[in-house]
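Subject: Structure handover and notes

Dear colleague,

Here is the structure that I promised to pass on to you. Please open it alongside the notes below, which go through what was found.

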Amino acid sequence: MSRHIANIIVKDEVNVRIKGLDPDLIDEAQERLTFFVPGHNHMPSYKLGRWDGKIRLMTKTGTTYLNLLEYIMPLIEDGGYDVVFEDNRSDWSEVTDAITEIKPDYFGDIDFKGEPLLLREYQVDAVNVAINNGSGVLELATGSGKTLIAAVISKIYSEYGKVIIIVPTTDLILQTQHTFKQVGIETGIWYGEIKEQKQVTVATWQSLDKYPELFFDVSCVICDECHLSKAKTINEIMTGPAANVPFRFGCTGTLPKEELFRLQIEASIGKPIFVLRTWQLQQQGVLADTNIYQITLNDLANEEYAKRVEKFPFGDWADELTWLFSCKPRMEYIANLISDIRNNSGNTLILVPYRKHGKYLQELIPNSMSLDGRDKNRLEKYEKFNNTDDNILICTYGIASTGIDIPRIFNLVTLEPGKKFEKVMQTIGRGLRKADDKHRLNVYDVCSNNSMSRNHATKRRKLYKEAKQELEIIEVEYM
């Protein structure tokens, strides 16, 4: 009896089409690559019945991703199919054969911050793993020098075609361009009114969305902060206009834990190929040590809170968040706490969920600065904070979770960061860079002792433990 044939057509570096499968097997394979979106039950389209809350990484017609074939191949083989591949990718073997491993003195005698640039051992290892694999995710702790690692990879592949670096914010465009130029890489930038493509170009994914032609003759694409690549647009870029780019890498401090988001990144970039945790760099003395204090405010003793919960229980997290940041006695206590922290140990960065929270806190703290995505002079304020003493800078998580390079953060105060692993660890990473007068970071995780805030705080404790960070819990009566 003859076996069935499954034709797998490899269209490009990421997309495949599977033909010849029985409809029931297609359904089974599609179900294997179907996931509920975390938090879908709170989304309007799901509540209104317009969407089932799921994302499918394989279509009914058999279209899926090359990097995800391993998850459905057992189903095809167990179904009695012989597999025939049709590979339409270009042959880049001459390039891979020509590239050799690097050494710490890769940049030669380039003067970098006043002295010859020698790469750290782990930076050399990360680059060599990348070029030996040709694609994949480099999971590198914040402060490890991801931008420098990306610069080396960019310089290597720019010999064989153009290179595009994708970053999430305009701040990161300028920081990346600055670092690249410091090591002798002429770098174009593409965002807003500035559109200048060179052999190596840095752009935000929002800017690239409308210019797919930029990926013509590109040999390498590097997605910085790739844990954000689960975003719909960047995923479409990596699997659409950038689908023929052979060498593709992602850099991130922390990959998401949700299987859906991890597989979306794997589909468009690849698997993790190099992992370096915060605690490892702390042990090596590269990053500052941490003291983490979770300060739990006793909101249950607050009569205003008790009346509110009794009459109108919180409907969702946004509702609870509004109360947490509008209760005047509570916010006055937090403001006084932050002032005391600054007075005792210097520069303090405070992170808040939304702009309105930062503005209100700024009103309560004399001589503090507040920033959000609307501020155009953020880099100037970062520099002022870093070069002077006893500052208080309030930022939203949106602008501070990636790209802030301020070594002289002595204290980090986080107000309701939530429970997402990558967000929590990226947040702590903001303050781990060392400075001449700083070798330790104090982290103050301020939360409530009730409702969703308490649940989020409990989950953060587990994340701190997993990340091998010491934690002390302090319960506070503020009324």
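Rings of Phe, Tyr and Trp (for Trp, its six-membered ring) are taken to pair if their centres lie within 6.5 Å, and a pair counts as stacked with planes under 30 degrees apart, as edge-to-face over 60 degrees and as tilted for the rest. Under that rule, ring pairs link W92, Y157, F247 and F249 into a cluster.

Before going further, please note that this is a predicted model, in which local features need pLDDT of at least 70 and side-chain atom pairs count only at pLDDT 80 or more, whereas totals for chains, interfaces and linings use all residues. Residues are numbered from 1 along each chain as its sequence is written, and side-chain values use heavy atoms, with hydrogens and water left out.

To stay with the rings, the count comes to nine aromatic pairs. In one of them, Y293 and Y444, the ring centres are 5.4 Å apart and the planes stand at 20°, so the pair is stacked. Because Y293 lies in strand β17 (residues 289-297) and Y444 in strand β22 (residues 440-448), this pair ties together parts that are 151 residues apart in sequence; helices (H or I, at least four residues) and strands (E, at least two) are DSSP runs numbered from the N terminus. Y293 counts as buried at 19% relative accessibility, and Y444 counts as buried at 14%, where buried means under 20% relative accessible area, exposed over 50% and partly exposed in between, with a 1.4 Å probe and protein chains only.

Y333 and Y478 also form an aromatic pair, which is tilted, with 6.3 Å from centre to centre and 40° between the planes. This pair links distant parts of the chain, since Y333 is in helix α14 (residues 328-345) and Y478 in the segment after β23 (471-476), 145 residues apart. Y333 counts as partly exposed at 24% relative accessibility, whereas Y478 is buried at 10%.

Next comes strand β18 (residues 348-352), where five of the five residues are buried, so the strand is largely enclosed by the rest of the structure. Both of its faces are covered, with T348, I350 and V352 buried on one side and L349 and L351 buried on the other. Strand β18 runs parallel to strand β20 (residues 392-396), to which five bridges join it, and it also pairs in the parallel sense with strand β21 (residues 411-415) over four bridges; two strands pair if DSSP finds at least two bridges between them. T348 stands opposite I392 in β20, while the bridge partner of I350 in β21 is V413.

R355 is found in helix α15 (residues 355-364) and is partly exposed, with a relative accessible area of 36%. Leaving aside neighbours within four places in sequence, R355 is in contact (heavy atoms within 4.5 Å) with D372, R374 and T396.

Lastly, the axes of helix α7 (residues 170-182) and helix α16 (residues 378-387) come within 11 Å and cross at roughly 65°; axes are lines fitted to C-alpha atoms, for helices over the stretch in contact, and angles run from 0 to 180 degrees between N-to-C directions. Here T170, D171, L174 and Q175 in α7 meet R378, L379 and Y382 in α16.

With kind regards
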